[in-house]
Amino acid sequence: MRVFVRDYLLPWAFIVVFWVALWLIIPPLREGLNAVNLFAVFLLLIPFLLVALHFVGKALERYGYSREDIRRLPEIIEKTHGRLYLPKEVFNIVGDALIFWGIFSWALLATGDPIMGLLSGIAMFAVIFAFFVFLISMFIWVIIFPYSLYRLFTGREPDRGFLIEIPIKQNLIYTAILVAVRLIALHSNYPAGDDFIGKMIAFGRKTELVSLLLELSGLNFLFSITGLYLPRKSRKLTALALTVIVVLQLWIAWRIVFG
């Protein structure tokens, strides 16, 4: 248990302490630290940890364990520490959950109202995740595209795991969030403003920006489909098609950034 406590449990606890200290230092947040909001903040920690445990369970399954083995997590980490990537993956999953919890709680304390804080936190993350469609494209340009070309020119097919996990699965999630933000913005009477909800509404009402992001999303899907199925006919044609798709993505990205 010594390794688990020293290298995992204490750093996770430090993240929580860090957020609490930050709330105490910053005056606007300190003013919102009443008993009700503080209770809401730590109550909010429960769903974040439950989501983290869900992904920890999936990580355990990838390494040959079962979801029930999450009860033996400290023991498993002790045995695999320094030998497998699993402990680092578990550490990152829980750490990311605590970071997102802190940001979410920041929104709650900044508004001074648990309900509005919760809605503001959802709005803030909705805008961030909706824009992740752009980051998926960047990941394609920097990593997946060069690696796919390398595999094609060395007589192999592009990595199916890369093509399915990121340009399809993750892109689908972020596209769904983008569409949801757009629909909420169009059918809501909430005014666009400087608060988190108002910023989400303003973002969703930017027709050209949303359209460009949806075009990027479609090209992300097309990149993946092309890389998965076209190599069976021609690797050279696949490389050319992937290059054309990336060029189109870069053109759309230019319009988003400088348009």
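In what order do the elements of the chain run from the N terminus on? I read them off as α-α-α-α-α-α-α-α-α-α-α, and I counted 11 helices and zero strands in the chain, taking both as DSSP runs numbered from the N terminus (helices H or I, at least four residues; strands E, at least two).

I noted that this is a predicted model, in which local features need pLDDT of at least 70 and side-chain atom pairs count only at pLDDT 80 or more, while totals for chains, interfaces and linings use all residues. Residues are numbered from 1 along each chain as its sequence is written, and side-chain values use heavy atoms, with hydrogens and water left out.

Next I looked up the whole chain: its C-alpha atoms fill a box of roughly 65 × 55 × 30 Å along the principal axes, and buried residues (under 20% relative accessible area, 1.4 Å probe, protein chains only) make up 39% of the 259 residues.

I then turned to helix H10 (residues 207-229) and helix H11 (residues 235-258), which pack at an angle of about 165° with their axes 10 Å apart; the axes are lines fitted to C-alpha atoms over the stretch in contact, and angles run from 0 to 180 degrees between N-to-C directions. H10 and H11 are therefore roughly antiparallel, a term for angles over 145 degrees.

For the contact (heavy atoms within 4.5 Å), I listed residues including Leu212, Leu216 and Phe223 in H10, which meet a set in H11 that includes Leu242, Ile245 and Ile252. The residues of this contact divide into 14 nonpolar, five polar and three charged, with Ala, Val, Leu, Ile, Met, Phe, Trp, Tyr, Cys and Pro counted as nonpolar, Asp, Glu, Lys and Arg as charged, and the others, Gly among them, as polar.

Definitions and conventions. Parallel < 35°, antiparallel > 145°, perpendicular 65-115°, else oblique. Buried < 20%, exposed > 50% of the residue type's maximum accessible area, 1.4 Å probe, protein only.
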